[in-house]
Amino acid sequence: MSSWDQTTFSLAPRNKGCYLVTDEVYQKVPQIRDYEVGILNLFLQHTSAGLTLNENCDPDVRADMNTALDRIAPEGDHYIHADEGPDDMPGHIKSSTIGVSLSIPVTNGKLNTGTWQGIWLCEFRTYKHSRRIVATINGKKK
């Protein structure tokens with residue numbers, strides 16, 4: 001029989017950059033440990049931040065990713081949409097590029113990620129923002 005759990009939580013406020021948030025997800029979604037097998041879907045309810053699965057060891061990868069994304073969508077006065085400042089439209093472009101959701105397998109109460117994979121929050125706005133995530137788990141409970 002399939003079970004469902006859903007919760008909405010906020011991440012700690014962060015300014016622009018890429019952050020490893022795997023531990024924060026485990027803290028905010030303790031129901032993960034109740035599942036023998038399943039899928040965790042994380043959905044970020046924002047248009048100027050993103051979620052991705054990437055390197056969990058070397059913080060230089062997060063710094064390089066932030067730099068690369070700035071090259072893809074630089075700030076500047078070349079955008080029509082600038083309602084919330086010069087980082088607003090680049091944030092929207094980066095959010096669409098990275099994406100706002102992840103689906104991760106759950107096996108024996110843990111996220112079944114690769115050895116070097118971790119969940120990243122990519123914050124594209126200059127000033128600190130707290131971001132909300134809807135976490136939905138579907139699977140077989142232990």
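## Cysteines, a sheet and a ring

The sulfur of C57 lies 16 Å from the closest cysteine sulfur, which belongs to C18, and that is too far for a bond. Keep in mind as you look around that this is a predicted model. Let's start with the cysteines and then turn to the sheet and the aromatic rings.

**Cysteines**

- A disulfide is a covalent bond between the sulfur atoms of two cysteines.
- How many disulfides does the count come to? The count is zero.
- C18 is in no disulfide, and the nearest cysteine sulfur to it, that of C122, is 3.6 Å away.
- Is C18 buried or exposed? C18 counts as buried because its relative accessibility is 8%.
- C57 has a relative accessibility of 48%, so it counts as partly exposed.

**The sheet**

- Five strands make up an open sheet, and their order is β1-β8-β3-β5-β6. The pairing in this sheet is antiparallel.
- Strands of a sheet pair through backbone hydrogen bonds.
- Which strands stand at the edges? They are β1 (3–10) and β6 (110–111). Each has a single partner strand, so one side of each is left without a neighbour in the sheet.
- Strand β5 (residues 101–107) runs antiparallel to β6, and two bridges join them. T107 has K110, in β6, as its bridge partner.

**Aromatic rings**

- A search of the whole structure turns up zero aromatic pairs.
- The ring of Y19 does have a charge over its face: R14 lies there, 5.4 Å from the ring centre.

Terms used
Residues numbered from 1 in each chain as written. Predicted model: local features only at pLDDT ≥ 70, side-chain atom pairs only at ≥ 80, totals over all residues. Heavy atoms only, no water. Pairing = 2+ DSSP bridges. Helix = DSSP H or I, 4+ residues; strand = E, 2+ residues; numbered from the N terminus. Phe/Tyr/Trp six-rings, centres within 6.5 Å; stacked < 30°, edge-to-face > 60°. Lys NZ or Arg CZ within 6 Å of the ring centre and 35° of its normal. Disulfide = S-S within 2.5 Å. Buried < 20%, exposed > 50% of the residue type's maximum accessible area, 1.4 Å probe, protein only.
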